[in-house]
Each structure stands twice: as C-alpha cells, then as structure tokens.
Amino acid sequence: MKIKKHNLYILLFLIFCSADVFAQRKTITKTVEEFISEADAAGMTFTMPAGYHAIPLKVDYEFTYDFAIKNDTADFEIRYNIFPLQDEVAKFKKCMVDSSCKMKNPNATYRSKLEERILKISCGIPQLIAVFPRDAMRKEMNCDDGGFVFYKPDSDFGEDYKVVQTVVFHKNDVADVMINYLSKDRQLHEELMMAPFGALIYKP
C-alpha cells in the first residue's frame, strides 16, 4: 500500500509532536516549607538534608510523589510519598460499630498497598521487602514497621537512573511512607543514602 507524501508528512508531524509533549511533561514546584507543612499535618517532621536542593515534581503520570530533592553534586535523587491514615482510621472506627460495614483495618493493609506501587515501578517484577528490626524502627523513626528493597526501576519512573532503593515505613493510625532513592551507581548510592536517611521521621 502506497502512502502519499502529504499523509506521510502529517504522520511524521504527529510523531514529533507526541515526542515533544512527552519531553515537556507537566511539572510543579513545591518548596521545602510546603512539604514541611504537609509532613507536620500527617504527624511527621522533615529536615532538609545538607547538600541537597528541591526539584520540580512530575505530576501528569502514574508514579506521582509529594516531594523530591537532589544531591547538589551527584546524580542521586530522593522522592517522598506520605499517605496519611487519619481519615481511613476514622472511617474504620465507625465501621467497627456498624454490622453492615465491611472495611479492612488500614493498619493491616499498608504493606500490600506499598507492594502494589513497588510492583508498578519494577515493571511488574515482584520484589521481596527486607524488614527493618522493629525495635530500631521505634527508636530511630518513631514508627511500628519498616523495610527496604533494591531493584531496577521502570524506565518511565527511573528515567536515566539504574538503581532504586525503596524504603517503606508505617506508624499505626498515623501514616504510611514510601521513599525512593534513585542513582546510576550502586556503590555511590550506598555512600550517599545514609546522610539523608532520617530526614523524614514520625513525631514521637
């Protein structure tokens, strides 16, 4: 089947336009102060780590996040998600006294919800989350549970990054947290991730 030149030009134009739209994905800017306020409302505190700066958030794709920072001198980025539980917990408490209401305890479903997000980021490849010692979580993060996993990110989420370390935390009745540390080199990743590790923690 022959394609007329005119139609071919239109097709190429549409392809280039689509690529340009993808390249210019919508972003928003969020200040450190705004994220500190959001964290405070969710029962958490955030301290901006030294040697990092806030970067724009990509908002028009599947992998949304609340805040992102990047190392001033290295290709090392951190993306934060906070999922407050106050509203869900309030609904669950009302549900408990209503025999016709069917709702799972939000404190019992956090791991499956976070695992679902990790599954999307990893191109559908199941990941085994290593669990942090609970005593350490209560002492250092003021939370009830936490874990982490290293894997290769989806190209859309990871962009040019080759390694992602997803860290998850949970505090009963307060909030679930997902933090994604992204880098291009595993060794450099391990050197850089410890300094900002405790930037976002739960209130006592």
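Phe-63, Thr-64, Tyr-65, Arg-79, Asn-81, Arg-117, Ile-121, Phe-157, Met-178 and Asn-180 line the largest cavity. Strand E6 (76-84), helix H4 (110-121) and strand E10 (175-183) are the elements that give two or more residues to this lining. Helices (H or I, at least four residues) and strands (E, at least two) are DSSP runs, numbered from the N terminus. The model is predicted: local features need pLDDT of at least 70, side-chain atom pairs count only at pLDDT 80 or more, and totals for chains, interfaces and linings use all residues. Residues are numbered from 1 along each chain as its sequence is written, and side-chain values use heavy atoms, with hydrogens and water left out.

**Cavity and pocket**

A search of the whole structure finds one cavity of 30 Å³ or more. On a 1 Å grid over the protein atoms alone, a cavity is a set of points where a 1.4 Å probe fits but cannot get out. A pocket is an open set with protein on both sides within 12 Å along at least five of seven lines. Lining residues have an atom within 4 Å of a point. Grid points are joined across faces, edges and corners, and a volume is the space filled by probe spheres set on the points.

The largest pocket holds about 150 Å³ of space. Its lining includes Thr-27, Lys-58, Asp-75, Glu-159 and Lys-184. By class, that lining has four nonpolar, one polar and seven charged residues. The lining of the largest cavity has five nonpolar, three polar and two charged residues. Ala, Val, Leu, Ile, Met, Phe, Trp, Tyr, Cys and Pro count as nonpolar, Asp, Glu, Lys and Arg as charged, and the others, Gly among them, as polar.

**The sheet**

Seven strands form an open sheet in the order E3-E5-E6-E10-E9-E8-E7, with antiparallel pairing. Its edge strands are E3 (52-54) and E7 (130-131), and each pairs on one side only. Two strands pair if DSSP finds at least two bridges between them.

| Strands | Bridges and sense |
|---|---|
| E6 and E10 | nine bridges, antiparallel |
| E9 (163-171) and E10 | nine bridges, antiparallel |
| E3 and E5 (67-71) | three bridges, antiparallel |

In E10, Asp-176 is the bridge partner of Phe-83. Asp-176 is also the bridge partner of His-170. Elsewhere, Tyr-52 stands opposite Asn-71 in E5.

How many of the nine residues of E10 are buried? Nine of its nine are. Buried means under 20% relative accessible area, exposed over 50%, partly exposed in between (1.4 Å probe, protein chains only). Ala-175, Val-177, Ile-179, Tyr-181 and Ser-183 lie on one side, with Asp-176, Met-178, Asn-180 and Leu-182 on the other.

**Loops**

Asn-107 lies in the loop between helix H3 (86-96) and H4. Asn-107 counts as buried because its relative accessibility is 18%. Its side chain joins that of His-170 through a polar contact of 3.4 Å. Such a contact is a pair of N or O atoms within 3.5 Å; within protein, one must be able to donate a hydrogen and the other to accept it, and residues adjacent in sequence count only if both atoms are side-chain atoms.

Asp-173 is found in the loop between E9 and E10. In this hairpin, which has three residues between the strands, Asp-173 takes a positive phi near 70°. Asp-173 is partly exposed, at 35% relative accessible area.

Cys-123 is found in the loop between H4 and E7. Its phi is near 60°, a positive value in a residue other than glycine. Cys-123 is exposed, with a relative accessible area of 52%.
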